[in-house]
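Have the viewer open as you read.

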Amino acid sequence: MHEYMESTPGCWAAYGRVLAREYADRRFLPVHRLTVDAYAVQHPGSPSRKSIRSVGIHLVRLCLWLEHRLAPERANAAMLSAAKHKSQYVWLEPPNSLGPLTVADIEAASSVEAHMQAVRSWAAQMWQVWSPHHSTVRAWANAT
């Protein structure tokens, strides 16, 4: 199990299998970081310094990808720049519903294209469910 992302053992195992699939095939590279972001913000954990920073950083990258339309590598570089201010991040109360799509939907994808589309949908869902905090995350994303 992860130190601060709270999930069931089965969910954590499914995430590991999805990551293994992505690491084994370079065709998944364009969505790999979105997989990490979506999983992290769907499993925000409890208020702690590590959880606060993790959720913040992953929401920043989702913002940069979805709203700023940055390519994955550019979104990652911008996220790393914004993360220099992560000590100022605050706990964002997780939404009541984290959406219907989960890592199980990604694992069930039967082709590379289906996997990639499922990850994009999952990432978009996760950005949407955190919408009450978009203004805060946008400010963090702009702190480069």
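How many residues has α2, and how far does α2 reach from its first C-alpha to its last?

## The span of α2

Helix α2 has 14 residues and reaches 21 Å from its first C-alpha to its last, close to the 20 Å expected at 1.5 Å a residue. That expected span is 1.5 Å times one less than the number of residues. Helices here are DSSP runs (H or I, at least four residues), numbered from the N terminus.

A word on the source: this is a predicted model, in which local features need pLDDT of at least 70 and side-chain atom pairs count only at pLDDT 80 or more, while totals for chains, interfaces and linings use all residues. Residues are numbered from 1 along each chain as its sequence is written, and side-chain values use heavy atoms, leaving out hydrogens and water.

## How enclosed is α2?

Eleven of the 14 residues of α2 are buried, so α2 is largely enclosed by the rest of the structure. Buried means under 20% relative accessible area, with a 1.4 Å probe and protein chains only. Among the buried residues are V31, H32, Y39 and Q42. The partners that the buried residues of α2 pack against are α1 (9-24), α3, α5 (103-107) and α6 (112-129).

D37 has its place in helix α2. This residue is buried, with a relative accessible area of 0%. Setting aside neighbours within four places in sequence, D37 is in contact (heavy atoms within 4.5 Å) with H58, R61 and L62.

## Where α2 meets α3

Helix α2 (residues 29-42) packs on helix α3 (residues 49-66) at an angle of about 130°, and their axes are 9 Å apart. Axes are lines fitted to C-alpha atoms over the stretch in contact, and angles run from 0 to 180 degrees between N-to-C directions.

From α2, the contact uses R33, L34, V36, D37, A40 and V41; from α3, S54, V55, H58, L59, R61, L62 and W65. By class, this contact has eight nonpolar, two polar and three charged residues.

## Where α3 meets α7

Which angle do α3 and α7 make? Helix α3 and helix α7 (residues 134-141) pack at about 85°, with axes 9 Å apart. The two are therefore roughly perpendicular to each other, the class for 65 to 115 degrees.

Here G56, L59, V60, C63 and L64 of α3 touch V137, R138, W140 and A141 of α7.

Key: Nonpolar A, V, L, I, M, F, W, Y, C, P; charged D, E, K, R; others polar. Parallel < 35°, antiparallel > 145°, perpendicular 65-115°, else oblique. Buried < 20%, exposed > 50% of the residue type's maximum accessible area, 1.4 Å probe, protein only.
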